[in-house]
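Student: Could we go through this structure together? I would like to begin with the terms.

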Amino acid sequence: MPKLTVEGYGTFDVADDKRLVLAIEQDAKVDILHACGGNARCTTCRVEFIDGEPTKQTVAEQERLAARGLSGVRLSCQILCDHDMSVRAISRLEGSGRPDPGGAPQESITPPPQWIEG
Ligand code: FES
């Protein structure tokens with residue numbers, strides 16, 4: 001069972017291959033945003049990795065980050081908890097001015113992932 005550490009919130013045991021965005025929300029109880037419902041479109045689920053950044057990436061994540069000119073962050077809706085990770089939750093509902101965090105992401109990665117090894 002992988003361990004997820006969210007800076008300022010603690011370390012949590014997470015089910016194997018759980019989507020990172022759901023682990024942050026459900027296990028670490030962080031009010032992370034997921035405005036597009038976990039579909040690699042909005043980038044509001046972005047996190048900074050402190051440790052354990054995955055080398056593999058979905059094509060959707062790579063394309064969206066490039067389109068927005070983002071670097072140094074990853075999209076938690078496009079990452080599976082398959083090893084220990086430590087992250088900083090930098091995009092939260094609190095202070096965002098949004099009424100809610102966004103639609104609930106499905107249990108599996110959407111769109112269906114095509115993986116690229118980094
Ligand atoms: S990109 Fe929208 S929730 Fe991840």
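Tutor: Two strands pair if DSSP finds at least two bridges between them. Strands (E, at least two residues) and helices (H or I, at least four residues) are DSSP runs, numbered from the N terminus. This is a predicted model, in which local features need pLDDT of at least 70, side-chain atom pairs count only at pLDDT 80 or more, and totals for chains, interfaces and linings use all residues. Residues are numbered from 1 along each chain as its sequence is written, and side-chain values use heavy atoms, with hydrogens and water left out.

Student: Which residue in S8 does Leu4 stand opposite?

Tutor: Leu4 stands opposite Met85 in S8. Strands S1 and S8 run parallel and are joined by 3 bridges.

Student: And which residue in S2 is opposite Leu4?

Tutor: That residue is Phe12. Strand S1 (residues 3-6) runs antiparallel to S2, with 4 bridges between them.

Student: What is the strand order in the open sheet?

Tutor: The order is S2-S1-S8-S4-S6, an open sheet of 5 strands with mixed pairing. At its edges are strand S2 (10-13) and strand S6 (74-75), each of which pairs on one side only.

Student: How do S4 and S8 run, parallel or antiparallel?

Tutor: They run antiparallel, joined by 4 bridges. In this pair, Asp51 stands opposite Ser86 in S8.

Student: How many residues of S8 are buried?

Tutor: In S8, 4 of the 5 residues are buried, so the strand is largely enclosed by the rest of the structure. Buried means under 20% relative accessible area, exposed over 50%, and partly exposed in between (1.4 Å probe, protein chains only).

Student: A change of topic: how many helices and strands does the chain have?

Tutor: The chain has 2 helices and 9 strands, and along the sequence they follow the pattern β-β-β-α-β-β-α-β-β-β-β.

Student: What share of the whole chain is buried?

Tutor: Buried residues make up 41% of the 118 residues.

Student: And what does the C-alpha trace span?

Tutor: Along its principal axes, the trace spans about 35 × 30 × 25 Å.
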